[in-house]
Amino acid sequence: MIDTTHDNSVSITLPIKGMTCASCSGRIENKTKQLPGMREAHVNLGAESGKFTFDPDQISSNQIIESIQGLGFEPGLSTQTFNVRGMTCASCVSRVEKGLKGFPGVLDARVNLASETASVEFLPSVNGFDDFKQRLEKMGFSLERRDESQEAERAEEERSQQEYKILKLKLIVAALSSLVIMMLSMGSMAAEPWSRWALLALSTPVQFWCAAQFYKHAWNGMRHGYADMNTLIAMGITAAYFYSLAITLFPDWGAVGGAPAEVYYDSAVMIIAFILLGRLLEARAKSKTTDAIRRLIQLQPKMARVKRDGMEKDIPVEEVVAGDWVIVRPGEQIPVDGEIIEGRTTVNESALTGESLPVDKVSGASVYGGTINQTGNFIIKATNLGKDSMLAHIIHRVEEAQGSRAPIQRLADQVASIFVPIVIGLAAFVFIFWMIFAEQLISESAFQFALTTCIAVLIVACPCALGLATPTAIMVGTGKGAELGILIKGGEALEQAGRLDTILFDKTGTLTHGKPVVTDSILAPDSGLTIEEFFSLAASLESRSEHPLATAVMEEAKSRKTSFLNIDESNALPGFGIEGRAGSKSLLLGNPRLMKERGIDMSLLEKYREELSAQGKTVMILCVDNHPEGIIAVRDQIKKEARQVVDRLREMGMDVLMLTGDNAGTASAIAKELGISKVFSEVLPTDKDDVVARLIKEGRTVAMVGDGINDAPALARAHVGIGLGTGTDIALEASDIALLSKDLNAVPNAILLSRATLRKIRQNLFWAFFYNILAIPVAAGAFYPLLGLLLKPSMAAAAMSFSSFSVVGNALLLKRFRP
């Protein structure tokens, strides 16, 4: 809510989250009162809000919000994405963004020309959809709420198809008219008295029906005080058509040496035809940039078979509630996220994770809506539904990324905001220049040459290519990433990932499985036990422990089908091991330090202990009645693809490092096996981000790869945080890139995709700038006096259309990306 007082001060009331006591509200008041132009600041802890009165000439509400955020509190912001209709070029994007950012409660606004959307971060208590809609309508655009239901998607698809059909029909009419007009403009027919009237009759419908959209948008711009690409086109075709109309109505006007002046009906019609062709190709190509989103939305099932009150019935998936029992049969699509409570199966999760191999699922395992049940019948208990489902999270993440902007786009945005006025001024200059100097420099009619070059400059200049260069590449790149199970947060993350030179892996759960297993078991030379008896005693002793090492011993014993014994007087020895009794036998299982403390003679096993410890394995010794019977070695197993991934990254020019809380010996052994030369060991979770900060200080561009939860500070500190995992275990919001696949190869794949996308962005921006820098002077006739090189208006239209289409087409080549 905003109020304006009689002294022109503005009062704004903000919701503030995160306050816990009076000192919190006091800190906010003290901080904001120090801001220049702040008149009053009152923060209400109970209402969780603050009222701030300030001079808008000295300070903005955004600065107040940023000040509150700087203290660690959250002023109730909302981020919403809306559809924007009526944008045609980069200049439109710039104006819409400025219009939205002009609201006092808007912190940020990002507009995407390719997807025709605006993502707005704002304070709902200050501004909202109705305010935004009203302002954009005054600017000549329309704003719509986004409806993410399947019905809305179908309606949007139908609307796009209808627009495409109309565009196609207009192109056919314009193209056929162009062919006939060209025929009438050549040879003896051009000299016939009736030919110009025929040209007028053929070109008029093209001018005012086929080109109606250009006039409509240009008129909107004039009414609201701006000019865009449509203004340039409208000015060019209007000049050509109405000059020709004047010559047709008054043949003696403009005649040179008794010969009637030329008419430019063919130029006007061909300009319209070429531009419509470009728009048609562009629309077709742009629709393909959202294929990934469309495929993800199509994965959402429509019906689910639930079991209620002992009865099975099919219901729309929207009617499923949390806790429902959902029945899934072989070959069916799993309708909702859930947990298997009965049965087992194999599930194809490739649509979500990009992994081609099916995944075995047993009771207690999580499954996700949109994946395919391949083999068994099973029942799940519905958990995350609607917007909370895994598929919905992925769709939201991809849409967010596709609407984002890369820093590399900033120069193009700055140029686009002033591009059209400069082009109009340049076209006027070209016309005046040739009217004055044509007779001295060329043998053409001054007026006709000046008019031709002026029209060509207006038509050939293309702000569209500048506006589409980056967003189309980001949309295709992030969409391709989603197909591969790689969720990229946005354009900035994508650009940073394309520039990485250092990658830092967390060890546990990333390079390793995160679950210790028994790797070796060695009986003492003088042991009287068999290996089965040995594991029976060890596992029985560990059966009352929940320690991961105990679990590993018990799993090994179960795999050997050994029996478990009753244990009495069990006693855990934290940091050392465990002891107990099995009948008359005294049992002790623990590390070498425990053996040393109890005075156990380890001479017969010492050689094996040293070898296993050198391999980074945790060694445990089992003693029966104070006699060492053997060794069990446990280690967190390295993922089978880890070494290959490290080698791939090194071949890509990356410096690969490892970060772990493990002791130096274990860390070094694993690093040596993986071919990693530098290791940061014995690092506490709270200190991991300090390691990242040190690497950044060295001038490196760093990626941190972790599980996305325990490594959150380091992930946030790195230039690019890569969260590795599956399902809801991935912290989608904590990482810049979330990998849905368990396969570590997704890490180099993500970097390669980012590099490929960044390469396309650079190519597109180069082409967009190079095209305009080269085409405008040629169209202006700068090279005509010396080289005879000139771009006619019709060819200027073809070049402009090709420029936009080539940018989109180049971005679409990313769909062929193969890691």
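This is a predicted model: local features need pLDDT of at least 70, side-chain atom pairs count only at pLDDT 80 or more; totals for chains, interfaces and linings use all residues.

Reader: Let us begin with strands: in which sense do S19 and S26 pair, and over how many bridges?

Author: As a general idea, strands of a sheet pair through backbone hydrogen bonds, either parallel or antiparallel. In this structure, strand S19 (residues 502-506) pairs with S26 in the parallel sense over five bridges, and within that pairing threonine 502 stands opposite aspartate 655 of S26. S26 is also joined to strand S27 (residues 678-680) by three bridges, and these two strands run parallel, with leucine 657 standing opposite lysine 678 in S27. To get from S26 to S27 the chain passes through helix H23 (residues 664-674), and this β-α-β crossover is right-handed.

Reader: Why is S26 described as largely enclosed by the rest of the structure?

Author: Strand S26 spans residues 655-659, and because four of its five residues are buried, the strand is largely enclosed by the rest of the structure.

Reader: Where can I find antiparallel pairing, and what is the order of the strands there?

Author: Look at the open sheet of six strands, where the pairing is antiparallel and the order is S10-S9-S11-S17-S12-S15. Its edge strands are S10 (311-316) and S15 (366-367), each of which pairs on one side only. Within this sheet, strand S9 (residues 303-308) pairs with strand S11 (residues 325-328) in the antiparallel sense over three bridges, and arginine 305 stands opposite isoleucine 327 in S11.

Reader: Turning to helices, at what angle do H8 and H14 pack, and how far apart are their axes?

Author: Two packed helices are described by the angle between their axes and the distance between the axes. Here helix H8 (residues 229-249) packs against helix H14 (residues 446-460) at an angle of about 155°, and their axes are 7 Å apart. Angles over 145 degrees count as roughly antiparallel, so H8 is roughly antiparallel to H14. H8 passes H14 in a left-handed crossing, and the residues making the contact include Leu232, Gly236 and Tyr243 of H8 and Phe447, Leu451 and Ile459 of H14.

Definitions and conventions. Residues are numbered from 1 along each chain as its sequence is written. Side-chain values use heavy atoms; hydrogens and water are left out. Buried means under 20% relative accessible area, exposed over 50%, partly exposed in between (1.4 Å probe, protein chains only). Two strands pair if DSSP finds at least two bridges between them. A crossover is right-handed if, with the strands pointing away from the viewer, the path from the first strand over the helix to the second runs clockwise. Axes are lines fitted to C-alpha atoms, for helices over the stretch in contact, and angles run from 0 to 180 degrees between N-to-C directions. Angles under 35 degrees count as roughly parallel, over 145 as roughly antiparallel, 65 to 115 as roughly perpendicular and the rest as oblique. A crossing is left-handed if the near helix is turned anticlockwise from the far one by less than a right angle, and right-handed if clockwise. Contact means heavy atoms within 4.5 Å.
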